[in-house]
Amino acid sequence: MHRDHHGAGDRVAGPSGPGLDRRRWLRLAGGALASGWAAGCSTAGAARWAWSAPTRARVTPALVSPDRVIRVVAGLRPYRPEGFVVRAEPFGNKLLVHNYGHGGGGVSLSWGTAEMAADLVDASGEGEVAVIGAGAVGLATARLLQRRGRAVTIYARDLPPNTTSDIAGAQWSPTSVSDSLDGLFGVQFERASRLAHRHFQNLVGPDYGVRWIDNYFLSDSPMRVPDYQSRIRDLYPEWEDLEGDRHPFPTRYARRVGTMFIEPPRYLRALLRDFRIAGGRIVVGEIADLRRLAALSEPVIVNCTGLGARALFGDHSMVPVKGQLVVLRPQPGVDYLVVGGGRFSTEGSQYMFPRDDGVLLGGTFDRGVESLEPDSVQTERILRNHRMFFQAMEEKRRAVNL
C-alpha cells in the first residue's frame with residue numbers, strides 16, 4: 001500500500017522500418033478497446049515478450065481479470081500533513097522518544113527515522129528500552145537499538161502478519177509523507193531517506209525479501225520531478241525519461257528508475273526473527289492510555305504507534321488515509337513496477353507491484369476515511385483500469401512488432 005507514485009511519443013518504431021505512424025497504432029488500440037477489451041481479459045497474447053525498441057527492459061503484461069483475484073485488502077496510512085515526528089520529551093521520570101506519522105512512506109523511511117530516534121535514546125545513557133509498535137518502523141527501531149547494545153522489549157497490539165506494514169506495496173520511494181517539504185522538515189526528510197536507503201542496501205537478498213527492480217512512472221503528459229524525488233534524485237539510479245517507441249507502455253511518456261522493492265511478509269518475518277535471536281522480548285497487548293504506558297518498567301519508551309499516536313498522545317493532526325489493493329494470483333515473469341496509467345487511470349491512483357504472494361493492483365488515497373472495509377466500487381475501478389491498460393500494452397507490442 002505503500003504508494004505509496006506518479007508518471008513518452010509521436011511514433012512507434014518497428015523492426016522493419018523507421019517508424020509506424022502513431023495514429024495507426026492509436027486506431028488499432030482504440031478499435032481493440034471498442035470491440036470489447038473492457039468486458040473481459042484476453043490472455044492469449046500475454047506471454048513473456050522482449051521489447052524490440054532501444055531499451056533493455058523485458059516486460060510481461062500482467063493478466064488482469066476478476067477470476068485471478070485472490071484477495072482485496074485495505075489499510076490506513078498514518079498521515080501527518082506536517083510530516084513525521086522524531087523528537088524526545090520527558091515523560092514523568094522516563095524519556096519518551098516519538099517516531100511516528102510517516103504517511104505512505106513508512107517502510108521506505110523506517111530505518112532512517114529509526115536511526116534518528118536511536119540517536120535520541122543514546123543521549124539518555126539508559127540501557128533498557130520499550131518500543132511501542134511492531135510495524136516496519138517499530139521493528140527497525142528495535143533492531144537498531146539492539147545493535148547499539150540496548151535491551152529492548154516490544155509492546156504491540158498486533159504482530160506480523162497482522163500489521164498495516166504487511167500490506168504495504170512496498171517499493172523504496174518515500175512519497176505521500178507530508179503536504180510540503182519546505183523548511184526544516186525537508187531537511188529531516190532528506191536525512192531520513194538517505195539513512196534508510198543505505199540500510200536497505202545491506203538487506204538486499206532473498207532472506208529479507210529486498211531486491212532491485214525497474215520502476216516505471218507513466219503519463220500522457222510531460223512529467224515534472226516531484227519535490228520528494230528532486231531532493232534525493234541520486235538515490236534513483238539509472239534515471240531515464242523515455243518517449244513513444246522507446247518504452248512498451250500505452251502512454252506517451254515513461255520514466256524508468258532503479259529502486260529497491262521490499263516484500264513485506266518476508267521482510268517483517270525476518271526482522272522479527274532477528275529481534276528474537278538477539279534476545280528481544282515481546283509483550284502482546286494494547287496500551288490504551290498514558291497511565292499504563294507510565295507503568296512500564298523501562299526508563300526509555302519509543303513511540304512507534306503510527307496512527308495510534310492520535311488517541312494515545314492526543315496528536316489530532318494525524319489523518320487516516322485509506323489505501324485499497326486488489327491482489328491477483330502471483331504471475332511468474334512479471335518483474336517490474338508501474339505507477340500511473342495515463343488515460344487508463346481514472347478516479348484515483350494506479351499502480352502494479354508484483355510480489356511473491358500476489359500481484360498488487362492499487363489503489364486509493366482516501367484522506368480522512370477510517371473504514372477498513374474494502375469498497376466494491378473501487379475494486380471494480382481498479383480491475384477495469386488495469387485490465388484496459390495491460391490489454392492496450394499488449395496491442396502496442398503487436399503493432400510495433402508487425
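**Labels and cut-offs**

Mentor: Let's start with Thr 113, which sits in helix α2. Helices here are DSSP runs of H or I with at least four residues, strands are E runs of at least two, and both are numbered from the N terminus. Keep in mind that this is a predicted model, where local features need pLDDT of at least 70 and side-chain atom pairs count only at pLDDT 80 or more, while totals for chains, interfaces and linings use all residues. Residues are numbered from 1 along each chain as its sequence is written, and side-chain values use heavy atoms, with hydrogens and water left out.

Trainee: Why does Thr 113 count as buried?

Mentor: Buried means under 20% relative accessible area, exposed means over 50%, and partly exposed is in between (1.4 Å probe, protein chains only). Thr 113 has 0% relative accessibility, so Thr 113 counts as buried.

Trainee: Which residues does Thr 113 touch, not counting residues up to four places away in sequence?

Mentor: Thr 113 touches Phe 84, Val 86, Asn 99, His 102, Val 137 and Ala 192. A contact here means heavy atoms within 4.5 Å. Thr 141 is 28 residues from Thr 113 in sequence, and their C-alpha atoms are 8.0 Å apart.

Trainee: At what angle do α2 and α4 pack?

Mentor: Helix α2 (residues 106-122) and helix α4 (residues 183-201) pack at about 105°, and their axes are 7 Å apart. Axes are lines fitted to C-alpha atoms, for helices over the stretch in contact, and angles run from 0 to 180 degrees between N-to-C directions. Under 35 degrees counts as roughly parallel, over 145 as roughly antiparallel, 65 to 115 as roughly perpendicular, and the rest as oblique. So α2 is roughly perpendicular to α4.

Trainee: What makes up the contact of α2 with α4, by class?

Mentor: Nine nonpolar, seven polar and three charged residues. Ala, Val, Leu, Ile, Met, Phe, Trp, Tyr, Cys and Pro count as nonpolar, Asp, Glu, Lys and Arg as charged, and the others, Gly among them, as polar. On the α2 side the residues include Trp 111 and Thr 113, and on the α4 side they include Ala 192, Ser 193 and Phe 200.

Trainee: Which residues in the largest nonpolar core touch the most other members?

Mentor: A nonpolar core is a set of buried Ala, Val, Leu, Ile, Met, Phe, Trp, Tyr and Cys residues joined through side-chain atoms within 4.5 Å. The largest has 70 residues, and Trp 111, Val 131, Trp 172, Phe 200 and Tyr 267 touch the most other members. Helix α2 gives the most to this core, with eight residues. A second, separate core has 23 residues, including Tyr 216 and Met 393.

Trainee: What is Glu 394, buried or exposed?

Mentor: Glu 394 is in helix α9. Its relative accessible area is 7%, so Glu 394 is buried.

Trainee: What is the mean pLDDT of the protein chain?

Mentor: The mean is 87, and 85% of the residues reach 70 or more. pLDDT is the predictor's confidence in each residue, from 0 to 100. Over residues 1-55 the pLDDT is below 50. Where pLDDT is low, the predicted coordinates should not be read in detail.
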